[in-house]
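Let's take a walk through the aromatic pairs in this one, and then look at a sheet with a helix on it. Have the viewer open as you read.

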Amino acid sequence: MEGLQQYRKLIIIIGVVIFTGLFTLLSITIFYRSGKVSVSLNALPSDSIITLNDVPVKPGTTYVTPGTYKIVAKKNGFADFQRTIAVGEGNPATINATLIPVSEDAKKWALEHKDEYADFSILDKSLAKTKDNRAANDNPITEKLPYKNLLYNITYRPDETDQSGNRIVIEIDASRAYRSAALFQIRKWGYDPTDYRIEFRGYTNPITS
Amino acid sequence: MKKIALYIGIITLAIIVVIALIVQFFSQPEQKAQAVSFTLAQSHVNVSIRQDTSEAREVALLTESKALTLPSGKYYYVVTGERIAPSTVKFTVPNDTQFTIDPDYSSSYLASLLESEVPAIDQLLETRYAKIANGYVIHPGKFYRQGQWYATIISDRRSTNEDPYDEYRIVLNKQNGNWVAVTTPEISLSAVTFPGVPHEILSDINKATIESLADWGNQDSLR
């Protein structure tokens, strides 16, 4: 007990030093993250190159200021994953980028890692369930839909071919002369029709049919 | 007395440790020099690496792939070459350490490929889709990247300003020296349906009109 008394001051000093160090690091971290929102980015394959507004980032959590961000995940042999997200205060985002294999080697790799693909898909689905407005967040165009005027009608429905449940299909009901006008309207809203599966009601492709 | 000296020593050491921690935290991005590799995927390309300062001092001029040891800081490189339009890319050391430089060809060079490549492409499309030969016009399209991607618009011969018909977009890719249609002809090409085609190509051809494609192909003033 006497021995402990002898080192009491030393123990206090060491404690104060450790506390000061931790407090300083904590303060710096809080300062660095102040006003920022967390974006959790993961990709499959895990060694894919992920960029946030063309700036390479590591998989995991990144802190960004609120705004719109373009996320791209790339890997040789796989189709690029691209998504634009709106990050707002109190609205952290989680993106699980599943890259679709294109080359033979990539397809082989995907087959060998099908369990990981299944896990990733389950993870993505559970995230979708935890956020009812996820589809709307992922497809801000839905705020404009349905849209109807005298010439055409634009609506949407969930994309039944998408396992993650995040994608939508844009449906356009227009006569031949006004299909391009409906596409122009989508551009006018600031969205790129390329990002969606678009179906035209009562239309058959005359070249491929 | 000895105790006081001991305490002072410990406190001094502790302060040094805390300061070192803070300095280390803030100085992480500006650590030592870093090896940065530049892989030139094309020959006849020059890469000038410069410091991103007001002086823009040239650090190196590369004509072949090379790894350089660069001190931490901001840089940019300028790629120039016969077939390409000059382009600039900013980077930071030590954050960015690997670059594969494979620039796209310039629009004027790509446009010069039309004459030699388009007849084979049109023939392929007419063979692949028999209906095109009878009722449609394949317009001169647009090459992308290093000329291995081509996209064009197919229009209906019956189309007039008063009675417009749908226009169809299609993308082709040159594989092992042969052109292959990698999409079907569609009014709007979807990146979801055709994930193997670069998004920017799909987006660009979806935006294009017959007139804008004709303007792109007529770039004599740029050459």
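## Rings, a charge and a sheet

F78(A) is buried, at a relative accessible area of 7%; buried here means under 20%, exposed over 50% and partly exposed in between, using a 1.4 Å probe and protein chains only. A quick note on ground rules: this is a predicted model, where local features need pLDDT of at least 70, side-chain atom pairs count only at pLDDT 80 or more, and totals for chains, interfaces and linings use all residues. Residues are numbered from 1 along each chain as its sequence is written, chains are lettered from A and ligands numbered from 1 in the order in which they are written, and side-chain values use heavy atoms, with hydrogens and water left out.

Now the rings. Phe, Tyr and Trp rings (for Trp, the six-membered one) pair if their centres lie within 6.5 Å; planes under 30 degrees apart are stacked, over 60 edge-to-face, and the rest tilted. Counted that way, there are 17 aromatic pairs over all chains. In one of them, F78(A) and W109(A) are edge-to-face because their planes stand at 85 degrees, with the centres 6.0 Å apart. That pair bridges 31 residues, from the loop between β5 (67–74) and β6 (81–87) of chain A to helix α3 (residues 104–112) of chain A. Helices (H or I, at least four residues) and strands (E, at least two) are DSSP runs, numbered from the N terminus. W109(A) is partly exposed, at 24%.

Over in chain B, Y77(B) and F91(B) make a tilted pair, since their planes are at 45 degrees, and their centres are 6.0 Å apart. Y77(B) belongs to strand β5 (residues 73–81) of chain B and F91(B) to strand β6 (residues 87–93) of chain B, 14 residues apart. Both rings also belong to a cluster that takes in F38(B), Y75(B) and F99(B).

Here are the accessibilities of that chain B pair:

| Residue | Relative accessibility | Class |
|---|---|---|
| Y77(B) | 6% | buried |
| F91(B) | 2% | buried |

There's a charge on a ring, too: the charged end of R176(A) sits over Y165(B), 3.6 Å from the ring centre. The rule asks for NZ of Lys or CZ of Arg within 6 Å of the ring centre and within 35 degrees of the ring normal.

Finally, the sheet. Chain A has an open four-stranded sheet with mixed pairing, in the order β8-β9-β10-β11; strands pair if DSSP finds at least two bridges between them. At its edges are β8 (147–148) and β11 (197–200) of chain A. β8(A) runs antiparallel to strand β9 (residues 152–158) of chain A over two bridges, and K148(A) stands opposite N153(A) in β9(A).
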